[in-house]
Amino acid sequence: MPTPTPAPVGWTNPPLPEGTEVWTPAIGDTVVVGSEIKANGYVYYRCTGFGEPISGMTVYRRRAVVPAPPTDPAPPSRSAAGTGAGPGPVAPGGREPVPAVHPDASAPDPVRQEEKRTPAFLRRQRERARERVFGRDLSNRPTVTPPLYSRDHRFKDLARLIVNGYSVNEDGLSFQVTVLSDLRHVAVPHDLIPVTLEAPGGRTLDIVIVLTPPPDQNVCTFSASYTWNQLAKLLELERPDGVPVRDAVIEALPQAGIRAEWWDNRTGPNAPRHYCGGTEQKYGSGRIDLRPITVDDLKASEAVAKTAWTAAEPLRTSRPVYRAFADLLRPGLEMATALEAESEFFISGEQHVSVVAKMRALYSRPAELKALGVELMSGEDVRRCTDTYYDVPELTLLRHGIVLRRRQFGGDGPGGFLLQVKGRTVTRQGEPGERIRLTSQVHLMEPVDPARLGEFLAGGGVDNAFARVLADGPAHGRSGPSSPEEWAGLAPRLVVTAQRVRYSLELAHSMTVDFSADSATGTDPVTGRSFTVHTVEFGIGHEGLCVDDESSGPLYASFSGGAGARAYRIPPGRVGGGNGTRRPAVAARRVLVTRPYHVPSDLDDPELFGRRDYLQYRDLRDRMMHHLFGYAAKDLALGGTKSHTLARLLEMI
C-alpha cells in the first residue's frame with residue numbers, strides 16, 4: 001500500500017471527487033463514491049466496501065484525481081499495468097500529472113472507453129451496479145471473501161480459473177474459486193483480473209470481484225455466496241404469486257458460469273488478453289449446474305448455433321452419454337468436439353528440411369516475425385505419434401476421407417486410449433483451399449469391448465456427439481455403417497507413424513496459429529508395404545479473444561435482451577437485466593444451457609469463414625507460405641486427409 005499523505009482530507013473543500021483512490025483505517029484501500037459536507041464543515045465520504053459515511057479526518061488520499069474539462073477531454077488515463085501513455089492534466093497547485101477519471105460510464109468518448117479498463121473504474125462500476133440492484137445496505141448484497149494470495153512457482157501453464165467446489169441449497173448458490181497466473185507473464189505493477197458471474201450465452205450478471213494480485217503472487221482463492229433473492233434481482237425476475245423464488249431462479253437460470261479475464265497492454269490500455277472458465281468451461285472449469293441438465297435441455301440448446309472453434313469439458317458422470325456407456329468411457333478426461341480450420345500442403349523431402357531450417361531461423365529474428373504479424377513465437381517442439389486407423393472390411397471410411405483413429409504419443413503412459421474422429425468438411429465457395437471440418441475425441445477405458453464400441457459408434461443419442469460426427473460424413477451422399485452389427489468388423493487397417501516439428505504463432509487478440517512440418521509413414525498391416533509423405537500444416541490453435549471496436553470482453557458481451565429488455569416472466573421465461581455493462585444486443589435465441597459439444601449443423605454456418613480470427617489465421621497462413629516457399633507456394637498440392645492419401649498410394653483403395 002502506498003504511504004498515506006501526512007494529513008487527512010477532512011477539511012478538503014471542495015471534497016475529493018468521485019473516483020479518488022483513498023486509504024482509511026476502517027477498510028484499507030478503497031475508492032470514493034460520494035461525499036457530503038456536514039454543518040460543522042467536515043466532509044464525510046461514502047466509499048466502496050463500507051456502508052456508513054466515513055469522516056474525512058480518517059480518509060487519506062492515495063492518488064489525486066482531476067475531472068476532465070467538459071470541452072477539452074484529457075488524454076487516456078494510465079492503466080494499472082503501466083501503458084506508458086502520456087500524462088493527464090496538471091492539477092492546480094503544480095501537483096504531478098495524474099490520471100483523469102470520468103464518472104459518466106455510458107459516454108461514448110474514446111477517452112472514457114479506455115478508462116473503463118482501470119481497476120478503480122471496474123470497482124466503481126461494480127459498486128454502482130450493485131447499489132442500483134441491491135440498494136446501499138451492504139447486508140442485502142452478495143458475500144465475497146477477501147482474496148487470499150499465495151505463490152506457486154511450479155505453475156507454468158496458461159492462466160487458469162478453477163472452480164474448487166460449489167453448493168446449491170435452500171439458501172442459494174455459493175462457490176469457491178482459485179485463479180492461477182504464470183509468474184513469467186504477470187503484468188507490472190500487478191495483473192488485472194475481473195471475475196464475473198455469467199449466464200449461458202456469455203451475458204454478464206455480476207462482477208464478482210476485481211483481482212489485482214501482486215507480481216510475486218500468482219495464486220488467488222476467494223469464495224462468494226448469492227442468495228436466491230439476490231439472483232432473482234440480478235435476473236429481474238417477475239414471478240407469479242405462489243412460485244417459490246428458488247424455483248423461479250432455477251427455471252430462468254439452470255446453469256451459470258464463473259469467468260476470469262486477464263487484461264494487459266499489448267493491444268491497448270488494459271485490453272483483454274486471455275480468458276478462462278465460463279459456461280463453456282474453457283480449460284476445463286467454470287460451469288455451475290444449478291439443477292441436473294437433461295436431454296431436453298441439450299436438444300433445445302441445439303437451436304442456437306455454436307461458433308466457438310472448440311467445445312470441451314472433462315466428462316462428467318452426470319452426462320447422459322456417460323450414463324449410457326459408463327463401462328466404456330473414462331470420466332474426468334476431456335470429451336471434445338471442434339470446428340477444425342486446418343490447411344495442409346504436400347511438400348518434398350528437400351522442402352521439408354528447408355522449412356524446418358527457415359522456422360528455426362525465424363525464431364531468432366523478431367523483426368521478421370513482426371513483419372509477418374506474429375507477436376510471439378514458441379520454441380520448437382518435436383513430437384512422435386502413432387495413429388492407428390480403424391475401418392470396416394470394405395474400408396468405407398478410408399475411401400470417403402473419414403478419420404477414425406487411435407492416437408498415441410511417445411510419452412503416453414499405459415491405459416490411455418484416445419479415440420478421434422474427423423468427419424465432414426465444408427469448403428468456401430470458389431476457394432477450395434479454405435476448409436473447416438467437424439471433429440471429436442473421447443477417452444476410452446482399456447481393454448475396449450468391441451461390441452460396446454460398436455454400440456457407441458452407432459449410438460445416435462443427443463449427447464453422443466462423437467457418434468453424430470462420425471455419422472454425419474456418410475450421411476451426406478455416402479453410405480457407411482449405421483448399426484452395431486455393421487461396426488462388428490471394425491479393426492485396424494492402416495498405421496501411420498509421424499514426426500512433427502511444431503511451432504505456435506501468437507497474433508493479436510491472443511489468437512494462436514499452430515504450424516507443423518510433418519514426416520509421416522503409412523504402413524498397410526496386411527501387406528507390410530510402406531510409403532512416406534511430407535507436409536506442412538496450419539491450424540487454429542487458441543481461438544482469439546476477438547471483440548468489436550467498441551467493446552472489450554465479457555463485461556461488454558452480447559446477449560438477447562438489451563437495455564430495454566423486459567424482466568423474466570414464467571412462462572415462457574426470459575432473462576432480464578443484471579449487473580453488467582452491455583453492448584448492443586444481437587438477434588439471437590436465448591439458451592438456458594451451454595451444450596458442451598458441436599452438432600453437424602454448426603458446420604453449415606456461412607459466417608465461420610468470415611470470423612475475425614479465421615481471417616487472421618488465413619492471412620498469416622498465406623504470408624507464411626510465401627515466406628517459406630516464395631512464389632512456388634501456389635504450385636504445392638493441397639492435402640486434406642493424410643490417411644486417405646496414404647491408403648491410395650499404398651493401393652489399399
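Mentor: In helix α3 the buried residues are Trp228, Gln230, Leu231, Ala232, Leu234 and Leu235. The model is predicted, with local features taken only at pLDDT of at least 70, side-chain atom pairs only at pLDDT 80 or more, and totals for chains, interfaces and linings over all residues. Numbering starts from 1 along each chain as its sequence is written, and side-chain values rest on heavy atoms, with hydrogens and water left out. Buried stands for under 20% relative accessible area, exposed for over 50%, and partly exposed for what falls in between, with a 1.4 Å probe and protein chains only. By that cut-off α3, residues 228-235, is mostly covered, with six of its eight residues buried. Helices (H or I, at least four residues) and strands (E, at least two) are DSSP runs, numbered from the N terminus. Directly after α3 comes Glu236, with a positive phi of about 55°.

Positive phi values also turn up in loops. Tyr283 has phi near 65° and is not a glycine; this residue sits in the loop between β15 and β16 (287-289). Because its relative accessible area is 29%, Tyr283 is partly exposed. Leu395, likewise not a glycine, has phi near 55° and belongs to the loop between β20 and α9 (396-399). With a relative accessible area of 10%, Leu395 is buried.

Strand β15, residues 271-277, contains His274. His274 counts as buried because its relative accessibility is 9%. Its side chain reaches the backbone oxygen of Ala159 at 3.0 Å. A polar contact here is a pair of N or O atoms within 3.5 Å; within protein, one atom must be able to donate a hydrogen and the other to accept it, and residues adjacent in sequence count only if both atoms belong to side chains.

Arg437 lies in strand β23, residues 431-444, and counts as buried at 7% relative accessibility. Its side chain makes a polar contact of 2.9 Å with the side chain of Thr641, and one of 3.3 Å with the side chain of Thr425.

The peptide bond joining Glu446 and Pro447 is cis, with omega about -5°. Asp449 caps the N-terminal end of α10, where one of its side-chain oxygens lies 3.1 Å from the backbone nitrogen of Ala451. Within α10, residues 450-458, the buried residues include Arg452, Leu453, Gly454, Phe456 and Leu457.

The charged side chains come next. Side chains of opposite charge can pair when their charged atoms come close. A salt bridge is counted when a side-chain nitrogen of Lys or Arg is within 4 Å of a carboxyl oxygen of Asp or Glu. By this rule there are 41 salt bridges.

One of them joins Arg502 and Asp381, with the closest N and O atoms 3.0 Å apart. This pair links distant parts of the chain, since Arg502 is in strand β24 (residues 491-506), Asp381 is in strand β20 (residues 381-391), and the two are 121 residues apart. Arg502 counts as partly exposed at 24% relative accessibility, and Asp381 counts as partly exposed at 26%.

Arg500 and Asp518 form another salt bridge, at 3.0 Å from N to O. Arg500 is in strand β24 and Asp518 is in strand β25 (residues 512-523), so the pair ties together parts 18 residues apart in sequence. Both Arg500 and Asp518 are buried.

Arg621 and Asp622 also meet in a salt bridge, at 3.1 Å from N to O. Arg621 is buried, at a relative accessible area of 5%, whereas Asp622 is partly exposed, at 40%. Elsewhere, salt bridges link Arg287, Asp289, Glu313, Arg316, Arg319 and Asp463 in a network.
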